[in-house]
Every structure is written in C-alpha cells, then in structure tokens.
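Dear colleague,

My notes on it follow directly after.

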Amino acid sequence: MKHPGFWKILVVATCTALLGCLQAGELQGHISIVLLGATGDLARKYLWQGLFQLYLDEAGKGYRFSFHGAALMAPTQGQQLIDKTLETLSCPQGMAATHCTELKGQFLQLSQYRQLKTAEDYQALSRDIEAHVQQEGLREIGRIFYFSVPPFAYADIARHINSSGRPGPGTWLRVVLEKPFGHDHGSAQQLATELGSFFQEEEMYRVDHYLGKQAVAQILPFRDQNRKAFDHLWSRHHVERVEIIMKETVDAEGRTSFYEEYGVIRDVLQNHLTEILTLVAMELPHNASDPGAKLRHKLQVFRALRGLRRSSAVVGQYQAYSEQVRRELQKPGDFQSLTPTFAGVLVHIDNLRWEGVPFLLVSGKALDERVGYVRVLFRNQAYCAQSEKRWATGQSQCLPRQVIFYIGHGDLGHPAVLVSRNLPRPRLPSDSWKEVKAPPELHLFGRPLSDFYTYRPVMERDAYSVLISHIFHGRKDSFITTENLLASWRFWTPLLDSLAREAPRHYLGGAESGHLLDFELRGSQLSFAQQQLEQLVPRPGAAPMPSEFRVLNATYRESPLILSWSAELIAKLASDIEAAATRAVQRFGRFHLALSGGSSPVALFQQLSLRHFTFPWAHTHLWLVDERCVPPTDPESNFQGLQAHLLQHIHVPYFNIHPMPVHRHQRLCAEEDQGAQHYAQEIAAQVANSTFDLVLLGMGTDGHTASLFPQSPAGLDGEQMVVLTTSPTEPRQRMSLSLPLINRARKVAVLVIGRMKHEVTMLVSRVGHEPKKWPISGVLPTSGQLVWYMDYEAFLG
C-alpha cells in the first residue's frame, strides 16, 4: 500500500462522521411528559415549575419535549387553569429577562391541556404523540406519566397506560407516584401488588420529595467523601444521639379530611424522616453511587430496627384541631378526634454500629417554628482545666461536637451543612457547595454559628426540580422501591395500631404550648417531661384528671385490688416485686420470679431496670410463665421481649435465666421433644417445692391468662406443671405453666391495663370459679396471696 497515512485519515474521518450521525440521532430524541392531576395544588405549586426547570436544563442538549397537562375537567376550563399556572413560572436567578421570556414562550408552546378520562382518551393521546414524533422526523426515547392524583385513582390510570399509553419497542416508560403509598402495611402491600400487575419495578418512581432536598441529598455523599475522617466516629462509640426533626407552624386547616385519615406519623415520620434515618444509619457501600448497593444497605437498616411499642412514642394534638374537623367534615358537636398532629418517636437500631444510640424522630403542626434538620450529636469525654473564656474559639474539645444537615427555614433560612470546628474540617464538592462566613449574631443549638464550618449550596434548587431531573435521567436511587416501602410500613404499623384508640395530649399551638410537648428519654421509652396533663379547656362535668386520683386499695373477686393510673400502678407493682425479692433473699437466699409475656409488662420491665438499683438481681432466678412456639430471636418471642426490655439492662447471672425450651432439636414445640416435661423437671430441681415466690400474670380480653385459653382443657387441672396449648390467634402453638403450678406460688400478681380490658374486667368480676370458660377465674393460690393491679382505664372504661 503506497499511502497508509491516507487510509488512516479516511478511516478516522468515516468513524467520526458515523459517530456524529449516531449522536445527532440520539440528540433528536423526543420525550413526552404527561402530568396527571395537572390542575391540582401540587402541580400548581411545584410540578409545573419543576418541568420548566427540566426544559431549561435539557432543551439545549438536543432533546425535544412535549408536555401534556391532564385532568378530568373539560378542555376549555382545564386549559385556562394551566395557562394561569404557566404565567407564574420563574427563571433561575441571574438569567437575563429577555432570555427568560423567550424560554417561557417556548415552554408554553410545548405545553397543552388534555382531558384524560376514558380508555379512548388515552388511546388518542398515544396516537397524537406518535403522529407528532413522525411528523417532526424525531425518534421517541420515552414517556413519563406523573401521577399527581389520589391513590384511589392509581389502578384505573395504570390500567389505561398499560393498555393504551405505552410507547413502542426500544423506548422507556416511567411512571411517577406521589404519596401516600398506603395507610398501613396491608394496604401498601395491596397497592403495590395492584401496580405491579401493570408496571415493572424499574418503571415505577415513588416520590419522597425530602430525598430531593439539598441537605438531605448531601447526607450520603458527605459520609462517602469524608469516610477517612468521620466513618470511625459515626457509631455507638462516639455518637450520643441523632435527631431528625421537621416542625411546622401551620396547622391542618383546610386539609383535615386528609389529616383525619393519616395523621402526623403517616404523613411525615413513616416516609420522610424514616428515609433520612436510613441515609444516616446505613453502612456505606463500597461504591456509594451504586443504586443497587444503596438499596441493599438501606434494607439492612430496616432489618436491624428494634420493633416499636406504645412506649416508644409521645403524641399530641393542637387544641383547635377537633373543632376544625367538626367544621370541615360536618362531624357532631361532641366529636373529639384521636388523630395526632404532633409525634416524637424513639427508634433504636440493633446492630454493631448503632446499638444503644437513640434516634429521635419528631414532627408536628402548629408548633413554635418552621424548621427541618438532622443533628448528629457526638459524645464528649473531654475535661478542660481552664475556664471557658480561655478556650480556643469554636475549637475547644469541651464544646459540643455535632454535624448538622440543615434542611431549611428556621433561623438560617436556607439549606446548609454545619460541622463543629472541634471536628475534622469536612470536604464538600466545591461545584455545588460553598463555605460561608457565619453572621456573628446567629446561634444554633445554643452555640454561635462561628463554632461551625458552614456550607450552603452554590445555587438553591427546589426538591421537585431535583427529582424530576433524576426521573428524566433514570436515577432510581432517589426514589422508594416496593421492597423499601413495605419494609417501612412493616416497621411502623404496630405502633400505629397501638395508638389508634389513644387520646393524644392537647397543646395550644405555637409558642403558647410552653413545655407541654417536651419529652424525656428513659431507657427505651419516651414520656412527656410534664407528667400532669393540663386541662386546657375546662368543661362542666369534665372527666377527672389523673392528678385527682391516688393509688387506691380495694377488693376484686374477694382479693386485694390496687387501683391507679398506669404510671403510678407500674411504679407500685415494681416496688412490691422488689420488696418481695428482698424478703425472699433474706429468708431463702434466692428469689424465684415467673414473668408473663406480651405488651402489658413492658413498662414494668423498664421500670425495674431503670429505677430499682437495689433490686437483688444477683440472687434472682427468672422464669417464663408462657412462651410462643417461635425461635428465640423472633420478635413474637416472649423471651426476646424480656431480653430487649429487661435482661440487657440488668446484671443477672446467665445460669439464673430460664427460658422455656420451645425450640429443641431444630423443631418448635414437638410433643416428642418433651420440652414441657423438661421445663417441669428444671422447675422441680431448682425451685423448692415447685413454689415460685412471685408469679406475674395478665388477663386477655377473652379471659385467658398465661397461655391458658377458654374452651381448652390443657393446663387447667391435673398433675402436669407445664403444658403445650393452642391459642385462637397466631402463633397458635404455646407452652405455659399450668394453673395448679401457678396456684402453688407464694404470691400471684395480675396486671390489667388499658381501656380495651374494661369489658372483660366487668365480666370476670361477676363470674365464679369457671376456668374452662374464664381461665383467669381459676387463679387462686392454695396458700399464697392473689393481688390484682388494675389501672383506671381497665376498671372504669
């Protein structure tokens, strides 16, 4: 070959031309965006502006767009409303007014209203998109359908899109879904199944707009970029607590129909604050930009979350709320809502990184300020010998150490990342975040802003603009997957169920609420700091308040009855158990205590572990009254509850702990494994005369006690000390001490708490000795004492 250089040049030129053609083809791709619910509040306030921002960002890159605002109303009326909304669109700061006007004009030309009501309407939309793409000589890349509609409309719209609105082969479909995604785990599962029948997982983008807020979106990148300096600090060894807060000054007026159905926990904590928690707590993936790894690590956090109980939360309701509900929803004059408008929830993560660190999630309406932030507060072990005036400004190790992701509003008024100056100086991306000088007069959490390295975004962006851009680019890691969603609902549903009939504490609203909503952490539970609930609006004939009662002594079924409000009742029972333990140890050298499972004794366990420092645990043997036939690590296990709420907080010799052997030879409660006989033998060997010093029982709404159930003969009489029984509810298989063994105890305490127990309390008060119908009626110690501990709600209703 005579001229090899010529051929090389020709090949390069040909390849360049081909590449240019391919790029040109790609750049002329067309995307249709259909905004369903285009005339609604969310669309008017945020979504149209977000779509305009997408156009500003991407139109110059060769993409071609069409925007279809859709709703049920007639075309003329719908177009007028959309035109009115589009007039309010704004351009970024710094853009020339003439250029802004030109781009707005282009966007308006590309935006039109369509009535989408029937299958034919969706078919017509698809035909028009295809005709437009063909007429303009474009190649369709994909379609986005944004559901800004109530969830009850999802199924019909999804069916129409799946049958008539999908683009052709080689193009993508993305459907965007707004919360609420269900009301509890069951409804979320149902909705997910329904949508899953029309769309693939990769086609669905569930929006949590907090993931688009700049400070929230920076949490994971911050942790990733500062691994070396902060990852070893980001753990139980150094973190004192984490606060995730979203406060609002506005109330629910005008939205009470939504709020009555959802309340503050479903509206904010189950989604926004839980998502933030996973970003703070998850293990950092090796590649933090890998969406699959991020999801896997988030799900690991959900698996490690300790189950929520009623004592994990405090709830309130601003005083005017019930009146607003009565007015807006035409409720009767005496209607009182139980919907919380304020909630504080204590979350624990039981893994090696976070065990024992409290995560506080707080949100509410009609509060004293509007602010959102995530605050990681580090332990401070330092002592400074010199006085504070000689400490280095902002850098002394004796000052608080914290990292704050400031979401917005409040005194700062803008998103920010703040790091105490006595921590390592952080690295943030300089193209999107800039360090700023703090105004000297501003303080945050009691410290001047000069104590912090302070960073704010170079350019502030609305959360929806950020997320719409991520949808366009197919960035799934900013959205909620089905697996993620169901894991969150699985965690929150038990607490929501336990609060369903609970009256929240009333507060006036704003600054006038004073300290009514202040709460304290006590071990693994929360309680309001101001114990006596103030009656904000006295009414004639109002129900007596807790402060008007004391612990009363009476009789019930011819046995002593201790009657009080639940907090005082638990304190009294705990004191009585400690007194019995002290006497037994002094007399016999040991104390044998048999404890029931379930939710009723949880507060008692916490009281014993947190308040009774002289309890003779070293000489106490702990036995179970009953157990569910599940593995010991199962959340349903009574032993697991005992471990979580008592054992891990006290010092009991391990050989003094006697769990029921429900899991033997890799089987659960198999008759041939003789677990019941084994436990009976252990009791006979360890407990003198098989006589427990104290047995703690509860009473079910059907009159059962321990795991001895009505119409079930097992364990009600006979020689057996421990029996296998069958429960009417899951898990059905149980192991239980028998009535004859219980009745040999020196003392039996029956704890009955809550309004749900009122009906059975009244029924049992009138029956005789009928253990086959009412097993609790068979509890009568042969030579010991029976004492009933009952709160006013169970006794009075």
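In these notes, a residue is called buried when its relative accessible area is under 20%, exposed when it is over 50%, and partly exposed in between, using a 1.4 Å probe and protein chains only. Helices (H or I, at least four residues) and strands (E, at least two) are DSSP runs, numbered from the N terminus. The model is predicted: local features need pLDDT of at least 70 and side-chain atom pairs count only at pLDDT 80 or more, while totals for chains, interfaces and linings use all residues. Residues are numbered from 1 along each chain as its sequence is written, and side-chain values use heavy atoms, with hydrogens and water left out.

I begin with helix α18 (residues 638–645). Because 6 of its 8 residues are buried, α18 is largely enclosed by the rest of the structure. The buried residues are N638, F639, G641, L642, A644 and H645. Their cover includes the strands β23 (591–595), β24 (620–624), β25 (626–628) and β26 (657–658), together with helix α17 (602–611).

Helix α5 (residues 119–135) packs against helix α6 (residues 154–165) at an angle of about 45°, and their axes are 9 Å apart. Axes here are lines fitted to C-alpha atoms, for helices over the stretch in contact, and angles run from 0 to 180 degrees between N-to-C directions. The angle therefore makes α5 oblique to α6; under 35 degrees would count as roughly parallel, over 145 as roughly antiparallel, and 65 to 115 as roughly perpendicular, the rest being oblique. On the α5 side, A119, Y122, Q123 and S126 meet I157, H160, I161, S164 and G165 of α6, where contact means heavy atoms within 4.5 Å.

Two single residues complete the account. R143 lies in strand β4 (residues 139–147) and is buried, with a relative accessible area of 1%. Its side chain makes a polar contact with the side chain of E140 at 2.6 Å (a pair of N or O atoms within 3.5 Å; within protein, one must be able to donate a hydrogen and the other to accept it, and residues adjacent in sequence count only if both atoms are side-chain atoms). T274, in helix α11 (residues 256–281), is buried as well, with a relative accessible area of 3%.

Yours sincerely
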